[in-house]
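Hi,

Here is the structure I promised to pass on. Have a look at it first, and my notes on its charged pairs follow below.

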Amino acid sequence: MSGSRSKPPLWRKAVKLLVRLVRGASFAHAYAWTPGLSLAKPEGSEDIGEIVYRGRAVGGLLHPDVLTKRAGAEIFVIGSGPSVMQTRVADTDPSTAILLNGAMNLIGKEIGTPLAVAVEDERFVWRHFDLMRAKIDADTLCLFSVGVIRAICEIDRSWLADKRIILIDDIRKPCGARRRSTAELAGIACATLSDDGIAGFSDDPSVGVFQGGSVAISAIQFAAWCRPRTIGLFGIDISNADRPRFYEKAGDTAKSGIAGAEARIVGHVLLAHAICHRRGIELVNYSPVSALRGTAVGYDPRFAVTTG
């Protein structure tokens, strides 16, 4: 099977319901790897894990240390919010940008060589797999969630054979295991929870990351793992999720869940900002219209488009 479709097939809804009924709420996230996907994460930084689909090895998994070895003093997390067009993303250096979802459109244009691409929502795969084929080559580091890997396997498992994939594993709902309670999370050394238990931050993506309503949350944790001097955010607008993304046209947009998750997303970013500050990492917002402008993160006009 090849190509893209506008949304996941209807039978995926049936799988989601069946998994929840059979395995219960604590294993409802097994939907992400059902049916047929099995992942073996690399045990050490030099090891290669395995992606197995329907009994056949179809690709490998790399340790997050691979990202660290490529990263430098600045890392830019670039989303697909409309404000990207109001910034000079082209002024970022090569191999510094983690491109989220449709921001991979920038590859070969404003961004010559990214540090990595990150996709967490399988709906993006179903809608834009042709774009992924066009923009992701064998040398591109890919941060992919469990559901994204499974969706790719369902569309074209052979595409994974030469890809350099690092797993985005949800530390709350880890692949192959039941959902962790708040008490269990509190006992994990690399995990930090907000006082209300809603937001979280992981110091070690090899164990897992906290997913928070946007792939940007996971990407920030991967970026912080690299211990850069600065993590800069482009196109993480949040407040205008009802508008077309910078690469979309009016009337042909994919549904976004960001608007309904705004408070949760901002909460995760603020926790990340506080933790990064303690570690000597500056977390900076370069989006002029972001919901982050009214928070401790604020706004830095360093990359603003100037006129006149």
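Let me start with Lys-69, which counts as exposed because its relative accessibility is 58% (exposed is over 50% relative accessible area, buried under 20%, partly exposed in between, with a 1.4 Å probe and protein chains only). Bear in mind that this is a predicted model, where local features need pLDDT of at least 70, side-chain atom pairs count only at pLDDT 80 or more, and totals for chains, interfaces and linings use all residues. Residues are numbered from 1 along each chain as its sequence is written, and side-chain values use heavy atoms, leaving out hydrogens and water.

Lys-69 makes a salt bridge with Glu-46, at 2.9 Å from N to O (the term means a side-chain nitrogen of Lys or Arg within 4 Å of a carboxyl oxygen of Asp or Glu). This pair links distant parts of the chain, 23 residues apart: Lys-69 sits in helix H2 (65-70), Glu-46 in the loop between strands S1 (37-40) and S2 (48-53). Helices (H or I, at least four residues) and strands (E, at least two) are DSSP runs, numbered from the N terminus. Glu-46 is exposed too, at 62%.

How many salt bridges are there by this rule? The count is 13.

Another one joins Asp-91 and Arg-88, at 2.1 Å from N to O. Asp-91 is partly exposed at 42%, and Arg-88 is partly exposed at 29%.

Then there is Arg-150 with Glu-154, whose closest N and O atoms are 2.9 Å apart. Both Arg-150 and Glu-154 are buried. Salt bridges with shared partners tie Arg-12, Glu-122, Arg-150 and Glu-154 into one network.

Cheers
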